[in-house]
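Subject: Structure for your review

Dear colleague,

Please find below the structure that I am handing over to you. My notes on it follow directly after.

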Amino acid sequence: MALSERLIKALIMSSGLIFVISFTLIPIVWMVALSLSGNPDLLIKGDFRMTLKNYRDLLTSPELHFTDYIRNSIIVASASASLSLTLCVPLSYYLSRLHRNPTAVLFSVLVLSMLPPISSAIPLYRFFASLGLINTYVPLIITYSVWSIPLGTWLIYSYINSLPRDLDRSALVDGASTIKVLLYIILPLSKPGMLCAFVLMFIFSFNEFLFALLFTIDHGSRTVPVGIALFEGLHGEVPWGYITASSLISVIPILITVVLFQRHIISGLTGGGLKE
Amino acid sequence: MSAELKGVKKVFSSILRGRVEALRGIDLKVEEGEFFVILGPSGSGKSTLLNILAGLEKPTSGEVYIKGRMVAGEGVFLNPGERRVAMVFQNYALYPHMTVRGNIAFPLRMEGMNKKEIERRVREVALLLGIEHLLNSKPAELSGGEKQRVAIARALVREPDLLLMDEPLSNLDARLRIKMKEEIRKLQRSLGLTTIYVTHDQTEAMTLADRLAVMREGSIEQMGEPMDIYRNPGNTFVAGFIGNPPMNIVKKKPAIEEGKYFIDFLGVRIEVDRGEAVYLGVRPEDIEVKRGGSIEVTMIERLGGEALIHLRKENDKAIAKIYGDCDLSEGERVEVMFKKYYLFDS
């Protein structure tokens with residue numbers, strides 16, 4: 001009785017796991033297969049011809065501009081994550097240590113971040129167009145930085161808030177000014193929280209589509225998601241090989257960032273709750 | 001005069017708790033080189049008082065002077081760094097990302113001192129506290145006692161005018177606490193450093209203080225030398241707070257006999273001067289216990305060199321403390337005499 005009960009439990013658990021894993025992995029396997037196939041209709045026609053042509057073309061032929069897209073994405077994502085971090089850290093410090101009612105501010109920031117991005121797209125477009133900045137990095141960097149502030153502030157605030165107040169107080173008595181407390185004590189101690197926020201903001205900016213579509217015109221500033229969506233085949237067909245190969249390549253910078261900072265991301269995300 | 005507070009009040013306002021009066025007009029003078037202890041239960045305002053001296057809180061009203069210089073008052077407020085005070089925190093507050101050397105050097109770096117002089121001063125103070133072998137360690141690698149020494153070293157390295165200590169021993173185990181207490185006292189004496197020490201532990205207060213102030217609910221209940229306060233407590237709160245085990249305090253309504261008022265406690269009759277209810281206080285060590293009588297011994301706590309005897313007679317209960325061996329047993333009947341007792345109005 002007990003054995004069969006355990007067996008049923010195990011069966012349900014395993015089938016659930018298999019379903020979830022398949023659900024997640026099948027599209028990726030499908031992408032890998034398509035990117036390595038010379039023929040996009042491999043399932044219908046059943047002829048899979050292994051080739052690295054898609055990858056080679058993407059990385060070598062300048063007319064596809066894929067390397068430009070990758071470069072643009074990395075520049076825009078790094079710059080906006082850095083700018084956002086520069087704004088979030090002092091804001092979080094101020095909210096955590098000096099503001100009387102930080103919860104109200106944090107919630108208003110959160111509510112603002114819930115507005116659909118499209119609501120601000122047209123005014124922003126007109127604004128940047130009037131400054132002649134369309135098809136440059138500037139509108140993307142500014143927009144992404146601002147959109148990442150709520151996420152960054154929440155993360156860094158909760159991290160800084162978990163640091164004992166006596167450290168600040170001790171530094172103040174030791175002769176540090178408020179700015180020096182931030183620079184010498186808070187900043188070094190909130191590194192995990194900051195790195196975590198940086199990575200998440202980098203990923204957000206790297207993957208963003210709507211603003212990138214609106215604010216860019218050509219490969220001069222176009223980022224990867226838009227570049228992939230706008231790939232055109234020779235005779236108007238959808239170039240599945242390029243699309244899947246470029247999607248897989250574009251995961252690499254994010255993967256590297258996440259792997260490099262994995263430890264910090266976990267401690268950054270749990271820092272607020274678990275720190276003594 | 002090394003530190004002085006004149007009519008210092010502090011009011012905190014919060015949405016949840018409303019208006020809380022943490023300090024209700026504190027007047028206090030601490031002399032040069034004195035070891036002054038502020039004793040009180042939690043919530044009595046003693047830490048707020050220390051924070052006001054350090055400059056971590058602004059007083060709502062009143063004036064604060066350190067070495068004769070006004071550091072807080074009408075239109076004046078000096079930042080903590082400008083006051084030449086140092087503070088040792090309850091949880092040490094060592095900077096976890098810095099080495100012991102970095103921690104001790106921090107106040108000097110903030111002063112903009114040159115590196116050579118910083119190193120010389122750090123070594124000097126590390127030697128004084130016996131932690132020179134720990135200079136390259138991080139706080140996480142240190143034991144509680146070592147952390148405490150580093151925290152004290154960091155406080156002393158600036159050669160402050162006033163040293164503030166906020167329950168610095170409460171995180172240490174009992175044996176280490178006794179050792180550190182002795183070291184702190186020795187160090188303070190040898191350096192002649194004016195120290196204000198906050199604690200809720202009356203034993204610490206009694207053994208360390210040149211003078212002490214007992215605080216309750218934002219006010220100083222009594223101030224003076226420890227033995228003076230022990231011998232002449234001003235009210236039941238101070239009487240109950242100073243002394244271990246605490247004084248036996250009971251409220252009694254006097255009975256009248258032949259025009260005189262008497263109260264009775266454990267069969268001892270005490271004459272009082274009026275008919276209103278009074279508080280009678282007897283310290284456990286002032287109760288003499290003898291065999292025979294009508295008081296029941298309900299429990300005996302043998303502590304080695306001394307014993308606490310729990311006594312009961314009808315509704316009267318008390319604890320007596322006797323030194324040496326105790327040959328009484330539980331359930332035995334005894335009688336008592338008071339070597340000294342106190343009468344309080346409140």
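In these notes, two rings of Phe, Tyr or Trp (for Trp, its six-membered ring) count as a pair if their centres lie within 6.5 Å. By that criterion, ring pairs join Tyr125(A), Phe127(A), Phe128(A), Trp147(A), Phe211(A) and Phe215(A) into a cluster. Please bear in mind that the model is a predicted one.

Aromatic pairs

Over all chains, the structure contains 18 aromatic pairs. A pair of this kind is described by the distance between the ring centres and the angle between the ring planes. Two of the pairs are set out here.

In chain A, Phe107(A) and Trp154(A) form an edge-to-face pair, with 5.7 Å from centre to centre and 85° between the planes. Phe107(A) belongs to helix H5 (residues 102-113) and Trp154(A) to helix H7 (residues 137-161) of chain A, so this pair ties together parts that are 47 residues apart in sequence. Phe107(A) is partly exposed, at a relative accessible area of 44%. Trp154(A) is likewise partly exposed, at 30%.

In chain B, Phe35(B) and Tyr197(B) form a tilted pair, with centres 5.6 Å apart and planes at 45°. Here the partners come from strands: Phe35(B) lies in strand S3 (residues 35-39) and Tyr197(B) in strand S9 (residues 195-199) of chain B, so the pair connects parts that are 162 residues apart in sequence. Both Phe35(B) and Tyr197(B) are buried.

A sheet in chain B

Strands of a sheet pair through backbone hydrogen bonds, and the pairing may be parallel or antiparallel. In chain B, three strands in the order S12-S16-S21 make up an open sheet with antiparallel pairing. Its edge strands are S12 (248-252) and S21 (342-344) of chain B, each of which pairs on one side only. Neighbouring strands in this sheet are turned against each other by 25° on average, direction ignored.

Strand S16 (residues 278-282) of chain B is joined to S21(B) by three bridges, and these two strands run antiparallel. Gly281(B) stands opposite Tyr342(B), which is in S21(B).

With kind regards

Methods:
Residues numbered from 1 in each chain as written. Chains lettered and ligands numbered in written order. Predicted model: local features only at pLDDT ≥ 70, side-chain atom pairs only at ≥ 80, totals over all residues. Heavy atoms only, no water. Phe/Tyr/Trp six-rings, centres within 6.5 Å; stacked < 30°, edge-to-face > 60°. Helix = DSSP H or I, 4+ residues; strand = E, 2+ residues; numbered from the N terminus. Buried < 20%, exposed > 50% of the residue type's maximum accessible area, 1.4 Å probe, protein only. Pairing = 2+ DSSP bridges. Axes fitted to C-alpha atoms, helices over the stretch in contact; angles between N-to-C directions.
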